[in-house]
Amino acid sequence: MRSRRARVTPADVGMPPGLRRRTPGLRREEVAQLSGVGVTWYTWLEQGRPINASPQVLDAVARTLRLDPPEREHLYQLAGVAFMPGRESDTLEVGEEIQGIIDALDPHPAAVYNARYDVLATNPAYLDLFGIPLMDESRVRNVLWTLFTTSERACPVVHRSQELPLMVATLRSGYGRHAGEPAWESFIEALSAASPYFTKLWRSGDVAPPGRRVKTFRHWAVTGDIRLTSVSLTVNGLPECRIVAYTPADEESVGRLAELRARRRGPCEAGPRAAQAEIPPPDWGRDFDCGAKEN
């Protein structure tokens, strides 16, 4: 593992090289950070100490070190963990149970994201607040794609200069477990080409975990800001996915969410599954049908 760590440079994983760097390749703490594990735990793994290692954690370390399939299998053998080839790294759908949970949170907005901010499921209140346009090629709805390719005037997030750097730092914390994977690399490349601002933030190398925050939104259909507290909840059985639920942070926001809810019209009133797309502001550049499918 030391030799494989030495062959991965900071540039390979999108990190700045830094000054006075004596270690060839990545430092132990950098591998630990990119893999989402503790430094002590990773050090003991590299030293061959007897520690418990799950397949998910070994996958994350293997991705950070860019191990090929034979090297990955050898790492599993050294750790005493059964190797399962062809593991899926990204979840793109959720089951009925999870969908039922976020539907039950209505009238509070809720969605399920994976580590790349793909939107795997939503409830009607979430789509009352803001629609998520589709990426042209992948056809997967993605929060970052929407926020970075929407004009500042139409963007539903008010404090972009505060919120977007945090979201990119959270994206990078997930990227460390998927560096080199085609789906992730093509997404980063496409969004970088679409948004110079994303490129600037991505090059900063900042890393942050998901967490509780008070966020301010605006909607073209109501007057005044909507302040919501966001909470991220992990989902058993869906690696690297989280339910993000929003609750009003003040009475004014309660009223504005209720106003958005009251605007639901036509077939979208048929039930939670039918209400899958609110019409976005005109200059978002894309319209949705009420029966838009989730991907």
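Trainee: What span should the 16 residues of α9 have, and how far apart are its end C-alpha atoms?
Mentor: Please keep in mind that this is a predicted model. At 1.5 Å a residue, α9 should span 22 Å, and its end C-alpha atoms lie 21 Å apart, which agrees.

Trainee: Is α9 mostly covered or mostly open?
Mentor: Helix α9 is mostly covered, with 12 of its 16 residues buried. Among them are R160, E163, L164 and M167, and also the run from V168 through A169, T170, L171, R172, S173 and G174 to Y175.

Trainee: Which residues have the most contacts inside the largest nonpolar core?
Mentor: They are Y113, Y126 and L171, in a core of 58 residues. L171 is also one of the buried residues of α9.

Trainee: What lies apart from that core?
Mentor: Another core lies apart from it, with 10 residues, including I102, L120, V235 and C241. In soluble globular proteins, nonpolar side chains tend to be buried together.

Trainee: Changing topic: how many cavities of 30 Å³ or more are there?
Mentor: The count is 1. The largest cavity has a volume of about 70 Å³.

Trainee: Which residues line the largest cavity?
Mentor: The lining consists of Y113, Y117, F130, V143, L147, V157, E163, M167, K215, F217 and Y246. The elements that give two or more residues to this lining are α8 (143-149), α9 (160-175) and β3 (213-217).

Trainee: And by class, what is in that lining?
Mentor: It has 9 nonpolar residues, 2 charged residues and no polar ones.

Trainee: Y117 is in that list. Where does Y117 lie in the chain?
Mentor: Y117 lies in the loop between β1 and β2 (119-122). Its phi is positive, about 70°, although Y117 is not a glycine.

Trainee: Is Y117 buried or exposed?
Mentor: Y117 is buried, since its relative accessible area is 6%, and the cut-off for buried is under 20%.

Trainee: Which loop holds R66?
Mentor: R66 is in the loop between α4 (55-64) and α5 (69-79). R66 is not a glycine either, yet it has a positive phi of about 55°. R66 is partly exposed, because its relative accessible area is 35%, which falls between the 20% and 50% cut-offs.

Trainee: What about T64, is it buried or exposed?
Mentor: T64 is found in helix α4. At 1% relative accessibility, T64 counts as buried.

Trainee: How far apart are T64 and H178, in sequence and in space?
Mentor: In sequence T64 and H178 are 114 residues apart, while in space their C-alpha atoms are 7.0 Å apart.

Trainee: On to the strands: how many bridges join β3 to β4?
Mentor: There are 5 bridges between β3 and β4 (residues 226-234), and the two strands run antiparallel. F217 stands opposite I226 in β4. F217 is also among the residues lining the largest cavity.

Trainee: And how do β4 and β5 pair?
Mentor: β4 pairs with β5 (residues 242-248) in the antiparallel sense, over 7 bridges. One of the partners is R242 in β5, which is bridged to T234.

Trainee: One last thing: which residues does the cis peptide bond join?
Mentor: The cis peptide bond joins D106 and P107, with omega at about 25°. P107 has its place in the loop between α6 (96-104) and β1 (110-113).

Notes:
Residues are numbered from 1 along each chain as its sequence is written. This is a predicted model: local features need pLDDT of at least 70, side-chain atom pairs count only at pLDDT 80 or more; totals for chains, interfaces and linings use all residues. Side-chain values use heavy atoms; hydrogens and water are left out. On a 1 Å grid over the protein atoms alone, a cavity is a set of points where a 1.4 Å probe fits but cannot get out, and a pocket is an open set with protein on both sides within 12 Å along at least five of seven lines; lining residues have an atom within 4 Å of a point. Grid points are joined across faces, edges and corners, and a volume is the space filled by probe spheres set on the points. Helices (H or I, at least four residues) and strands (E, at least two) are DSSP runs, numbered from the N terminus. Ala, Val, Leu, Ile, Met, Phe, Trp, Tyr, Cys and Pro count as nonpolar, Asp, Glu, Lys and Arg as charged, and the others, Gly among them, as polar. A nonpolar core is a set of buried Ala, Val, Leu, Ile, Met, Phe, Trp, Tyr and Cys residues joined through side-chain atoms within 4.5 Å. Buried means under 20% relative accessible area, exposed over 50%, partly exposed in between (1.4 Å probe, protein chains only). Two strands pair if DSSP finds at least two bridges between them. The expected span of a helix is 1.5 Å times one less than its number of residues.
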